[in-house]
Amino acid sequence: MFYSVECGLKSLIMKNIGKNTYEELRKYSEEQGKRVHGHDLKAMTQEVGIEHQYPLKRIRLAKEGSCAPERYNELWRYGAAIEDEEEEIKAENTLEKIAEWIEQRL
């Protein structure tokens, strides 16, 4: 789910700014001081104006610390143990809602 939302948000951002390639998106992101060309879903939701409608929260880790939305990809890629499974479920539900929102706009 994470990567489909990431790709969908990048596609919408490129559409909104009139760019067609990842390289153009990366250049735009760097020139504007934004983080929309990496894995930072929070930055991408801010760019398309839905960060308040679909807030992405930190997920507490079982051992120590937490995972911010800009590192969700690492959390799910490497399978870190979660302290509270409900936090992960809420994040996944939010991603599903974002995916539905994206689908209506592409």
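Start with helix 1 and helix 3: they pack at an angle of about 35°, and their axes lie 10 Å apart. Axes here are lines fitted to C-alpha atoms, for helices over the stretch in contact, and angles run from 0 to 180 degrees between N-to-C directions. Helices are DSSP runs of H or I with at least four residues, strands are E runs of at least two, and both are numbered from the N terminus.

Before going on, note that this is a predicted model, in which local features need pLDDT of at least 70 and side-chain atom pairs count only at pLDDT 80 or more, while totals for chains, interfaces and linings use all residues. Residues are numbered from 1 along each chain as its sequence is written, and side-chain values use heavy atoms, with hydrogens and water left out.

**Stop 1: helix 1 against helix 3**

Keep both helices selected. Helix 1 passes helix 3 in a left-handed crossing. A crossing is left-handed if the near helix is turned anticlockwise from the far one by less than a right angle, and right-handed if clockwise. Now show side chains. From helix 1, select Phe2, Val5, Glu6, Leu9, Lys10, Leu12, Ile13, Asn16 and Ile17; they meet Leu41, Met44, Thr45, Glu47 and Val48 in helix 3. Contact means heavy atoms within 4.5 Å. Colour by class: this contact has 9 nonpolar, 2 polar and 3 charged residues. Ala, Val, Leu, Ile, Met, Phe, Trp, Tyr, Cys and Pro count as nonpolar, Asp, Glu, Lys and Arg as charged, and the others, Gly among them, as polar.

**Stop 2: helix 1 against helix 5**

The axes of helix 1 and helix 5 come within 10 Å and cross at roughly 35°. This crossing is left-handed. On the helix 1 side, pick Phe2, Val5, Gly8, Leu9 and Leu12; on the helix 5 side, pick Leu95, Ile98, Ala99, Trp101 and Ile102. By class, the contact has 9 nonpolar residues, 1 polar and no charged.

**Stop 3: the core**

Which residues touch the most other members of the largest nonpolar core? Select Leu9, Leu41, Tyr72 and Ile98, out of 27 core residues. A nonpolar core is a set of buried Ala, Val, Leu, Ile, Met, Phe, Trp, Tyr and Cys residues joined through side-chain atoms within 4.5 Å. Helix 1 (2-17), helix 2 (22-32), helix 3 (41-48), helix 4 (72-78) and helix 5 (85-103) each supply at least two residues of this core. Helix 1 gives the largest share, 6 residues. Centre on Ile98. Setting aside residues up to four places away in sequence, Ile98 touches Val5, Leu9, Thr45, Ile50, Tyr54 and Leu56.

**Stop 4**

Select Thr94, in helix 5. Thr94 is buried, at 14% relative accessible area. Buried means under 20% relative accessible area, exposed over 50%, and partly exposed in between (1.4 Å probe, protein chains only). Beyond residues up to four places away in sequence, Thr94 touches Tyr54, Pro55 and Leu56.

Move to Trp101, also placed in helix 5. Buried or exposed, with its relative accessible area of 10%? Trp101 is buried. Apart from neighbours within four places in sequence, Trp101 is in contact with Leu12, Val48, Ile50, Gln53 and Tyr54.

**Stop 5**

Go to Leu106, in the segment after helix 5. Leu106 counts as exposed, at 56% relative accessibility. Leaving out residues up to four places away in sequence, Leu106 touches Gly8, Ser11 and Leu12. Leu106 and Leu12 are 94 residues apart in sequence, yet 7.1 Å apart in space, C-alpha to C-alpha.

Next, Lys15 in helix 1. Lys15 is exposed, with 53% relative accessibility. Its C-alpha lies 31 Å from that of Tyr78, 63 residues away in sequence.

**Last stop: the whole chain**

Zoom out and show the cartoon. The protein chain has 5 helices and 2 strands. Trace the sequence and the pattern reads α-α-α-β-β-α-α. The radius of gyration is 14 Å, close to the 13 Å that the globule rule gives for 106 residues, so the chain is as compact as a globular protein of that length. That radius is taken over C-alpha atoms, and the rule is 2.2 Å times the number of residues to the power 0.38. Along the principal axes, the C-alpha atoms fill a box of roughly 40 × 25 × 20 Å. Of the 106 residues, 38% count as buried. Among contacts between residues at least 6 apart in sequence, 53% join residues at least 24 apart.
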